[in-house]
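Keep the coordinates open while reading.

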Amino acid sequence: METNLGVFVAVHSQVGLHYLHFVNEEESALRNVQDFYGKYDIQKGEMSPELKSKLFSHKGLKLLPLGTDFQLRVWQKLTSIPSGEKRSYKQLALELGDKKAVRAVGTAIGANPIAYLIPCHRVIQSSGKLAGFRWGLERKNALLNLERLSLHTASHVI
DNA sequence: GAAGTGAGCCCCG
DNA sequence: CGGGGCTCACTTC
């Protein structure tokens, strides 16, 4: 799917959305999906209009990422950060009950399988510096800017 | 500010 | 086991 933020690839099933990644390079993006989900019976295709509209509206879409218990806890926490706001890795580690786990939290966030809808882009360093985004810092910055600008409107970003 | 370092936790090979 | 990661706080320049 092409959007004003770039190209996305998604993996979904009857029960929900499992995976949503930015595509920088089509080949490696598809290989990634294959690595992760190759053991399942997946069918390739253009995104259906229904799925697209759900991605746009952020409604009627269950997020079902695949991960370890720890990763799921971290990703769950991310979804509680409101649009337009930011948290630090440290804050999240504290809220998860272990201030020493900052690096583990960072690693788990880096493994976020559902871009944007699980808002890993809203996490910055405690110094306030923007750092760490597998799809590029520029993209992270663009997402944050869009959210900041569209705070008082009902419009969504993707 | 920038650069270097030890601590510390989770994950993968 | 061992190393590395979307870290942090501290030191030193």
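## A charge over a ring

Arg-134 lies over the face of Trp-135, at 4.8 Å from the ring centre. The criterion: a charge sits over a ring if NZ of Lys or CZ of Arg is within 6 Å of the ring centre and within 35 degrees of the ring normal.

The model is predicted: local features need pLDDT of at least 70, side-chain atom pairs count only at pLDDT 80 or more, and totals for chains, interfaces and linings use all residues. Residues are numbered from 1 along each chain as its sequence is written, chains are lettered from A and ligands numbered from 1 in the order written, and side-chain values use heavy atoms, with hydrogens and water left out.

## Aromatic pairs

Searching the whole structure gives seven aromatic pairs. One of them is edge-to-face: the rings of Phe-133 and Trp-135 have centres 5.6 Å apart and planes at 75°. Rings of Phe, Tyr and Trp (its six-membered ring) pair if their centres lie within 6.5 Å; planes under 30 degrees apart count as stacked, over 60 as edge-to-face and the rest as tilted.

Phe-133 and Trp-135 are both buried. Buried means under 20% relative accessible area, exposed over 50%, and partly exposed in between (1.4 Å probe, protein chains only). Ring pairs also bring in other residues: Phe-8, Phe-22, Phe-133 and Trp-135 are linked into a cluster.

## Overall fold

Chain A holds six helices and five strands. Helices (H or I, at least four residues) and strands (E, at least two) are DSSP runs, numbered from the N terminus. Read from the N terminus, the order is β-β-β-α-α-α-β-α-α-β-α.

How does the radius of gyration of chain A compare with that of a compact globule? With 158 residues, such a globule would have a value near 15 Å; chain A has 16 Å, which agrees. The radius is taken over C-alpha atoms, and the globule rule is 2.2 Å times the number of residues to the power 0.38. The C-alpha trace spans about 40 × 35 × 30 Å along its principal axes.

Of the 158 residues, 38% count as buried. The accessible surface of chain A is about 9600 Å², and 50% of that belongs to carbon and sulfur atoms. Areas come from the Shrake-Rupley method with a 1.4 Å probe; for residues, only the protein chains shown count as cover. Take the contacts in chain A between residues at least 6 apart in sequence: 58% join residues at least 24 apart. Contact means heavy atoms within 4.5 Å.

## The three-stranded sheet

Three strands form an open sheet in the order E1-E2-E3, with antiparallel pairing. Two strands pair if DSSP finds at least two bridges between them. The edges are E1 (2-3) and E3 (17-23), each pairing on one side only.

E1 and E2 run antiparallel and are joined by two bridges. Glu-2 has Val-7 in E2 as its bridge partner.

E2 (residues 6-12) pairs with E3 in the antiparallel sense over six bridges. This hairpin has four residues between its strands. Val-7 stands opposite Val-23 in E3. Ala-10 has Leu-20 as its bridge partner in E3, and Val-11 stands opposite Tyr-19. Is E3 mostly covered or mostly exposed? E3 is mostly covered, with seven of its seven residues buried.

## Two loop residues

Tyr-116 lies in the loop between helix H5 (102-110) and strand E5 (123-124). Tyr-116 has a positive phi of about 65°, although it is not a glycine. Most residues other than glycine have a negative phi. At 5% relative accessibility, Tyr-116 counts as buried.

Leu-61 is in the loop between helix H2 (49-57) and helix H3 (69-78). Leaving aside neighbours within four places in sequence, Leu-61 contacts Leu-17, Leu-51, Lys-54, Leu-55 and Leu-117. The C-alpha atoms of Leu-61 and His-12 are separated by 9.8 Å, with the two residues 49 apart along the chain.
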